[in-house]
Amino acid sequence: MLKKYDELDLNHVARHLAYEISMLEHAGSLLPRLSPNHKNAYVECFAIHTRNLIEFYFSKPLERYQKDDLAALQFCLESDPWTKTRADLSKDEILNFALKRANKQVSHLTLDRGEDASVGKSWKIYLILERLRELYVEFLDKCRPEFYKILKEELPDPVHARRKE
């Protein structure tokens, strides 16, 4: 079961969310320019942070959360619930693909990694980045004002200007 909003250290959470977003952006921006020798490490970095952010934005049944898990729904007002406004993951082709790919390639050993997995082919990096950026903007529009202020300090980025005040 997730902790309640008032039980969370918002500064701590904002730092972790900013870290996930920064690492995803960094890995995604470098991947297309890297030599094959360096690409594997950045593919793994990209996959891990993609997976973490997808799981943050898309809720699972409450009984499947651990006590220390974080989810976007914790930071949104109950009057404007996150779960009712954002898209359904099963209908989001890009992120559904990314989550399955990350689960197969990074999270555990499987025979279904694919022959091209080691060089990061077919990851659709730009599409995944764009979709996660869209979700971040959507999240900013829905999150509580006090959390938004803290997050803005942790992740000073022009995307914050898009928030509807």
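Visitor: Is Lys 124 buried, exposed or partly exposed, and what is its relative accessible area?

Guide: This is a predicted model, so the values are computed from it. Lys 124 lies in the loop between helix 4 and helix 5. Buried would need under 20% relative accessible area, and exposed over 50%. Lys 124 falls in between, so it is partly exposed, with a relative accessible area of 45%.

Visitor: What is the phi of Lys 124?

Guide: Most residues other than glycine have a negative phi. Lys 124 is not a glycine, yet its phi is positive. The value is about 55°.

Visitor: Step back to the whole chain. Which pattern does the chain follow along the sequence?

Guide: The chain has 6 helices. It has 0 strands. Read along the sequence, the pattern is α-α-α-α-α-α.

Visitor: What share of the contacts with a separation of 6 or more comes from residues 24 or more positions apart?

Guide: The chain has 165 residues, and buried ones make up 41% of them. Turn to contacts with a separation of 6 or more. Residues 24 or more positions apart account for 69%.

Visitor: Which elements give two or more residues to the largest nonpolar core?

Guide: The largest nonpolar core has 44 residues. Phe 46, Tyr 57, Phe 75, Leu 132, Phe 139 and Phe 147 have the most contacts inside it. The elements that give two or more residues to this core are helix 1 (10–30), helix 2 (36–57), helix 4 (93–107), helix 5 (125–142) and helix 6 (145–154).

Visitor: What does Phe 139 touch, not counting residues up to four places away in sequence?

Guide: Phe 139 is among the residues with the most contacts inside the largest nonpolar core. Phe 139 sits in helix 5. Its partners are Leu 17, Phe 56, Tyr 57, Ala 72, Phe 75, Cys 76, Trp 82, Phe 147 and Leu 151.

Visitor: How are helix 5 and helix 6 oriented to each other?

Guide: Their axes come within 8 Å and cross at roughly 135°. Roughly antiparallel would need an angle over 145 degrees, and roughly perpendicular one of 65 to 115. Helix 5 and helix 6 are therefore oblique.

Visitor: How many nonpolar, polar and charged residues does the contact of helix 5 with helix 6 have?

Guide: Helix 5 brings Tyr 136, Phe 139 and Leu 140. They meet Phe 147, Tyr 148 and Leu 151 in helix 6. By class, the contact has 6 nonpolar, no polar and no charged residues.

Visitor: Now for Thr 50. Which backbone oxygen lies 2.7 Å from a polar atom of the side chain of Thr 50?

Guide: Thr 50 is in helix 2. Buried means under 20%, so Thr 50 at 0% relative accessibility counts as buried. Leaving aside neighbours within four places in sequence, Thr 50 is in contact with Leu 24, Ala 98, Ile 128 and Leu 132. The backbone oxygen at 2.7 Å belongs to Phe 46.

Visitor: Which side chain does a polar contact of 2.5 Å join to that of Arg 51?

Guide: Arg 51 lies in helix 2. At 25% relative accessibility, Arg 51 counts as partly exposed. Its C-alpha atom is separated by 9.8 Å from that of Glu 20, 31 residues apart along the chain. The polar contact of 2.5 Å joins Arg 51 to Asn 103.

Visitor: Which backbone oxygen does the side chain of Gln 74 reach?

Guide: Gln 74 is found in the loop between helix 2 and helix 3 (82–85). Gln 74 is buried, with a relative accessible area of 6%. It touches Leu 2, Lys 3, Tyr 5, Leu 8, Asp 69 and Arg 144, not counting residues up to four places away. At 2.9 Å, the side chain reaches the backbone oxygen of Lys 3.

Visitor: By what distance are the C-alpha atoms of Lys 4 and Phe 75 separated?

Guide: Lys 4 is found in the segment before helix 1. At 58% relative accessibility, Lys 4 counts as exposed. Lys 4 and Phe 75 are 71 residues apart along the chain. Their C-alpha atoms are separated by 9.2 Å.

Visitor: And what separates the C-alpha atoms of Asp 68 and Met 1?

Guide: Asp 68 has its place in the loop between helix 2 and helix 3. At 64% relative accessibility, Asp 68 counts as exposed. Asp 68 and Met 1 are 67 residues apart along the chain. The C-alpha separation is 8.4 Å.

Notes. Residues are numbered from 1 along each chain as its sequence is written. This is a predicted model: local features need pLDDT of at least 70, side-chain atom pairs count only at pLDDT 80 or more; totals for chains, interfaces and linings use all residues. Side-chain values use heavy atoms; hydrogens and water are left out. A nonpolar core is a set of buried Ala, Val, Leu, Ile, Met, Phe, Trp, Tyr and Cys residues joined through side-chain atoms within 4.5 Å. Buried means under 20% relative accessible area, exposed over 50%, partly exposed in between (1.4 Å probe, protein chains only). Helices (H or I, at least four residues) and strands (E, at least two) are DSSP runs, numbered from the N terminus. Contact means heavy atoms within 4.5 Å. Axes are lines fitted to C-alpha atoms, for helices over the stretch in contact, and angles run from 0 to 180 degrees between N-to-C directions. Angles under 35 degrees count as roughly parallel, over 145 as roughly antiparallel, 65 to 115 as roughly perpendicular and the rest as oblique. Ala, Val, Leu, Ile, Met, Phe, Trp, Tyr, Cys and Pro count as nonpolar, Asp, Glu, Lys and Arg as charged, and the others, Gly among them, as polar. A polar contact is a pair of N or O atoms within 3.5 Å; within protein, one must be able to donate a hydrogen and the other to accept it, and residues adjacent in sequence count only if both atoms are side-chain atoms.
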